[in-house]
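Subject: Structure for your review

Dear colleague,

Please find below the structure I am handing over to you. My notes on what was found in it follow directly after.

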Amino acid sequence: MTKKYGSNIILNDISIQFNKNISFLFGDNGTGKSTLLNILAGALKYNSGSIYINDKEIDFKDNSYKRNIGFLIDYPTYPTQFTVKEYISLLNYIYRNDTKLQKSYQENLITFFELDKYQNLQISELSTGFVKRVKLLATMLHNPNLFIWDEPFSGIDKNFIPKLVNKIKALSLEENKFFLITTHISEIKSFDFTNSSEFILENKKISSDNK
Ligand SMILES: Nc1ncnc2c1ncn2[C@@H]1O[C@H](COP(=O)(O)OP(=O)(O)OP(=O)(O)O)[C@@H](O)[C@H]1O
């Protein structure tokens, strides 16, 4: 797949296969990680090439693909004037989450992200780390199969990172969820992810560092 902005080639005929449940994408600033994630989430067009899931070419116009993704982007997309509770209600309306099972799933997520006592605060009143937690929760509310997360750990305090890592491991091992994650936080490499691959973007190309 190739992606250019104007005549500026960002991803030059890259070929990549994500076949483990957890894939980490590393690379220096400006190497094209967010660009690749945006493309895979269907938020950005590419110039040439093809993208497949389980040998079937992805039809980005088909909403069922996008509906099955929890996409975390690193710029603000949330309505900051809403309270946490209102934002969750809005997302539930959009995703038509209305069953009792979904209600308890949502309550578990709120507790997991330690957001219980912040539910009536406006998002604009939250600290950076808690905004990130709300954004992470927002990617999980519709219980997708694939999480495309751009910088999920940035802004998250060091006490919560192991908890988030354990969540990723549990969802991948117990529920066969897939994660595609970029991070600049090198300590993440020290956690023992059993079912993971690492990829590095450099010089417009991608290489793998598979264990
Ligand atoms: N909308 C755009 N128009 C033109 N160039 C862009 C656009 N978005 C990104 N770029 C360029 O594409 C390149 C890759 O950007 P991208 O944000 O994908 O990098 P990244 O690896 O995610 O960087 P970082 O680690 O800093 O987040 C950069 O040179 C950037 O300037």
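In these notes, a residue is called buried when its relative accessible area is under 20%, and exposed when that area is over 50%. Please keep in mind throughout that this is a predicted model.

I begin with leucine 171, which is found in helix α6. Its relative accessibility is 10%, and leucine 171 therefore counts as buried. Leaving aside residues up to four places away in sequence, leucine 171 touches Met140, Phe147, Asn176, Lys177 and Phe179. Tyrosine 78, by contrast, is 93 residues apart from leucine 171 along the chain, and the C-alpha atoms of the two are separated by 25 Å.

One of those contacts, Met140, belongs to the buried residues of helix α5. This helix covers residues 128-140, 13 residues in total, and spans 19 Å from its first C-alpha to its last, close to the 18 Å expected at 1.5 Å a residue. How much of α5 is covered? The helix is mostly covered, with 12 of its 13 residues buried; among them are Phe130, Val131, Lys132, Arg133, Leu136 and Leu137. The elements that the buried residues of α5 pack against are β6 (69-72), α3 (84-95), α4 (100-112), β7 (146-150) and α6 (161-175).

The ligand site may be of particular interest to you. The residues around the ligand are Tyr5, Ile10, Asp28, Asn29, Gly30, Thr31, Gly32, Lys33, Ser34, Thr35 and His184. By class, this shell has two nonpolar, seven polar and two charged residues. Helix α1 (residues 33-40) supplies the largest share of the shell, three residues.

For glycine 30, a polar backbone atom is 2.8 Å from an oxygen atom of the ligand. For threonine 31, a backbone N or O atom lies 3.2 Å from an oxygen atom of the ligand. Taken alone, the ligand exposes 640 Å², of which the protein buries 56%.

Threonine 2 has its place in the segment before β1 (3-5). Is this residue buried or exposed? Threonine 2 has a relative accessible area of 10%, so this residue is buried. A polar atom of the threonine 2 side chain lies 2.8 Å from the backbone nitrogen of aspartate 13. Not counting residues up to four places away in sequence, threonine 2 touches Leu11, Asn12, Asp13, Tyr46, Asn47 and Ser48.

Finally, I would draw your attention to some backbone angles. Most residues other than glycine have a negative phi. Asparagine 54, in the loop between β4 (52-53) and β5 (56-57), has a positive phi, near 45°. Aspartate 55 also has its place in the loop between β4 and β5, and its phi is positive as well, near 70°. Asparagine 54 counts as exposed because its relative accessibility is 73%. Aspartate 55 is likewise exposed, with a relative accessible area of 76%.

Yours sincerely

Note on methods. Residues are numbered from 1 along each chain as its sequence is written. This is a predicted model: local features need pLDDT of at least 70, side-chain atom pairs count only at pLDDT 80 or more; totals for chains, interfaces and linings use all residues. Side-chain values use heavy atoms; hydrogens and water are left out. Helices (H or I, at least four residues) and strands (E, at least two) are DSSP runs, numbered from the N terminus. The expected span of a helix is 1.5 Å times one less than its number of residues. Buried means under 20% relative accessible area, exposed over 50%, partly exposed in between (1.4 Å probe, protein chains only). Contact means heavy atoms within 4.5 Å. A residue is near a molecule or strand if one of its heavy atoms lies within 4 Å of it. A polar contact is a pair of N or O atoms within 3.5 Å; within protein, one must be able to donate a hydrogen and the other to accept it, and residues adjacent in sequence count only if both atoms are side-chain atoms. Accessible areas come from the Shrake-Rupley method with a 1.4 Å probe; for residues, only the protein chains shown count as cover. Ala, Val, Leu, Ile, Met, Phe, Trp, Tyr, Cys and Pro count as nonpolar, Asp, Glu, Lys and Arg as charged, and the others, Gly among them, as polar.
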